[in-house]
Amino acid sequence: MTNKVAIDQDFCQAHGRCYALFPDLFEPDDEGRAQVKNDGVVPASSSVDEILAVCPEAAITTV
Ligand code: SF4
């Protein structure tokens, strides 16, 4: 199973759920859209399924 994620900027609506709940993995850009930190590598303490489920726009994808 992959342990990296990315953001599809075409779908991100800048709700901020991802970087509020997973600040080690995501951060906002200047417009509040999410971008990955650390090349999108999922921390061992987090589950990929849990991370994908946090985005209501399905903008978080595995890579
Ligand atoms: S939860 Fe989804 S829509 Fe909201 S900022 Fe994160 S990637 Fe963008």
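Pro56 sits in the loop that runs between helix H2 (48-53) and strand E4 (60-62), and that loop is a handy place to begin a tour of this predicted model. The space that the ligand takes up is the largest cavity, and Cys12, His15, Gly16, Cys18 and Cys55 are the residues that come nearest to the ligand.

**Starting at Pro56**

- Pro56 has a relative accessible area of 55%, so it counts as exposed, the cut-off being over 50%.
- If neighbours within four places in sequence are set aside, the contacts of Pro56 are with His15 and Arg17.
- Pro56 and Leu21 are 35 residues apart in sequence, and their C-alpha atoms are 13 Å apart in space.

**The ligand and its cavity**

- The structure holds one cavity of 30 Å³ or more.
- The volume of the largest cavity is about 110 Å³.
- Lining this largest cavity are 15 residues, and Cys12, His15, Gly16, Cys18 and Cys55 are the closest to its centre.
- Sorted by class, the lining has 10 nonpolar, three polar and two charged residues.

- As background, most residues other than glycine have a negative phi.
- Ala14 is not a glycine, yet its phi is positive, near 60°.
- Look for Ala14 in the loop between strand E1 (5-7) and helix H1 (17-21).
- Its relative accessibility is 28%, so Ala14 counts as partly exposed.
- Asn38 also has a positive phi, of about 55°, although it is not a glycine.
- The loop between strand E3 (34-36) and H2 is where Asn38 is placed.
- Asn38 counts as exposed because its relative accessibility is 60%, and the cut-off is over 50%.

**Phe26, in strand E2**

- Where is Phe26 found? Its place is in strand E2, which covers residues 26-28.
- Is Phe26 buried or exposed? With a relative accessibility of 1%, Phe26 counts as buried, because buried means under 20%.
- Beyond its neighbours within four places in sequence, Phe26 is in contact with Val5, Ile7, Cys18, Tyr19, Gln35, Val36, Lys37, Ile51 and Ile60.

**Thr61, in strand E4**

- Thr61 belongs to strand E4.
- At 31% relative accessibility, Thr61 is partly exposed.
- Leaving out neighbours within four places in sequence, Thr61 is in contact with Lys4, Val5, Ala6 and Leu52.
- From C-alpha to C-alpha, Thr61 and Ser46 are 15 Å apart in space, and they are 15 residues apart in sequence.

- Asp10 counts as exposed, because its relative accessibility of 70% is over 50%.
- Asp10 and Glu57 are 47 residues apart in sequence, with their C-alpha atoms 9.9 Å apart in space.

Notes: Residues are numbered from 1 along each chain as its sequence is written. This is a predicted model: local features need pLDDT of at least 70, side-chain atom pairs count only at pLDDT 80 or more; totals for chains, interfaces and linings use all residues. Side-chain values use heavy atoms; hydrogens and water are left out. A residue is near a molecule or strand if one of its heavy atoms lies within 4 Å of it. On a 1 Å grid over the protein atoms alone, a cavity is a set of points where a 1.4 Å probe fits but cannot get out, and a pocket is an open set with protein on both sides within 12 Å along at least five of seven lines; lining residues have an atom within 4 Å of a point. A molecule sits in a cavity or pocket if more than half of its atoms lie within 2 Å of its grid points. Grid points are joined across faces, edges and corners, and a volume is the space filled by probe spheres set on the points. Ala, Val, Leu, Ile, Met, Phe, Trp, Tyr, Cys and Pro count as nonpolar, Asp, Glu, Lys and Arg as charged, and the others, Gly among them, as polar. Helices (H or I, at least four residues) and strands (E, at least two) are DSSP runs, numbered from the N terminus. Buried means under 20% relative accessible area, exposed over 50%, partly exposed in between (1.4 Å probe, protein chains only). Contact means heavy atoms within 4.5 Å.
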